[in-house]
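This briefing concerns the contacts between protein and DNA in one model. Please consult the sequence and structure shown here while reading.

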There are 2 protein chains.
Amino acid sequence: MSISSRFAVAIHILSLLDINKEGRNTSEFIAGSVNTNPVVIRRVIGLLGKAGLVHTSPGVGGASLARPPREINLLEVYRAVQNDPPGELFAAHDKPNPKCPVGQNIQGTLDTVFKRAESAMENELAKVTLDQIAFDLVRGDR
Amino acid sequence: MSISSRFAVAIHILSLLDINKEGRNTSEFIAGSVNTNPVVIRRVIGLLGKAGLVHTSPGVGGASLARPPREINLLEVYRAVQNDPPGELFAAHDKPNPKCPVGQNIQGTLDTVFKRAESAMENELAKVTLDQIAFDLVRGDR
DNA sequence: ACCACCTGTAACCATTGTAGTTACAATCGT
DNA sequence: ACGATTGTAACTACAATGGTTACAGGTGGT
Ligand code: FES
Ligand code: FES
């Protein structure tokens, strides 16, 4: 299965917060932009808030970046919205047969390979910062 | 969501075929080893067969590697059992709002980043061959 | 020719993650 | 006090997954 589109939506939201930092970014406004339901946006923003990436305040509307976009990389965003814990991108074969010569040792062997692959992917995400995304967006615009 | 455990099961199966190449590897035997249902094994073996990694024959029982384990890498196995097409590890935000300044350009921007991350992961898988796995297994055994 | 055994596949079920939606209490600025 | 907004809970619909049963068809031994 694919990685949840929450990740893509989260990047959308953060980009929008950066580009439109003058305006009042309510969940409804963002939802209109992302073309989905405001609650979906609030859910994602809730995750981003817990991760310390955005600030929100109930009552008064609008969210804003909690840190300068140059200091936010996509790995943090990924971690914030991914509820699978790190190291479990690949599902393990949960009930290995202890009597099986393969099963006894395969866990560790696969774990090493899987973790290496997962880290390689995450390192690529870590290289990209939010302001790079925003720059690409604005440049593509004109 | 995690990547389907079919991948892990496939590696199990292939390792077993390599290590136990003398025996008769019926789906039921493998299922006992993997500790699951024979039909699950047959499904995975079916995928591996379509990918040209194993040989099977209806009627007579048993599957066998179609190529020497040194020439089978984990990326091929991954591709064989992953029914999401390549390039879609990350789900895109499917209905971008054309009126949104972010939505207009974000597709291409994210696509580049996502593809880079996905490739990084796949390159790691491509580095590992089946006989390396089998070697690790046997060595850990004693 | 028969038979035991096996594969390949369809069908069905339970579980899980996800996105969308409605509803509403709590919160804040004016 | 009021209107707007957030934060959640609850519910629905849907797709992927893994397990299971069932069965048609192939294969080799006897
Ligand atoms: S436990 Fe996975 S093959 Fe034996
Ligand atoms: S934020 Fe995704 S389309 Fe505007």
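The model is predicted. DNA strand C is surrounded by 27 residues, and 27 residues likewise surround DNA strand D.

**Surroundings of DNA strand C**
- The closest residues are A:Ser5, A:Arg43, A:Gly59, B:Arg42 and B:Thr56.
- Of the atoms of DNA strand C that come within 4 Å of the protein, 62% belong to sugar and phosphate.
- The residues of this surface comprise eight nonpolar, 13 polar and six charged.

- The side chain of A:Thr36 has an N or O atom 2.8 Å from a phosphate oxygen.

**Surroundings of DNA strand D**
- The closest residues are A:Ser27, A:Arg42, A:Thr56, B:Ser5 and B:Arg43.
- Sugar and phosphate supply 61% of the atoms of DNA strand D that come within 4 Å of the protein.
- Here the surface consists of eight nonpolar, 13 polar and six charged residues.

**Polar contacts to DNA strand D**
- An N or O atom in the side chain of A:Arg24 is 3.3 Å from a phosphate oxygen.
- For B:Thr36, the corresponding distance from a side-chain N or O atom to a phosphate oxygen is 2.8 Å.
- B:Asn37 places a polar side-chain atom 3.5 Å from a phosphate oxygen.
- Two or more residues of this surface come from each of α3 of chain A and α3 of chain B.

Technical notes: Residues numbered from 1 in each chain as written. Chains lettered and ligands numbered in written order. Predicted model: local features only at pLDDT ≥ 70, side-chain atom pairs only at ≥ 80, totals over all residues. Heavy atoms only, no water. Near = heavy atom within 4 Å. Polar contact = N/O pair within 3.5 Å; in protein donor to acceptor, adjacent residues only side chain to side chain. Nonpolar A, V, L, I, M, F, W, Y, C, P; charged D, E, K, R; others polar. Helix = DSSP H or I, 4+ residues; strand = E, 2+ residues; numbered from the N terminus.
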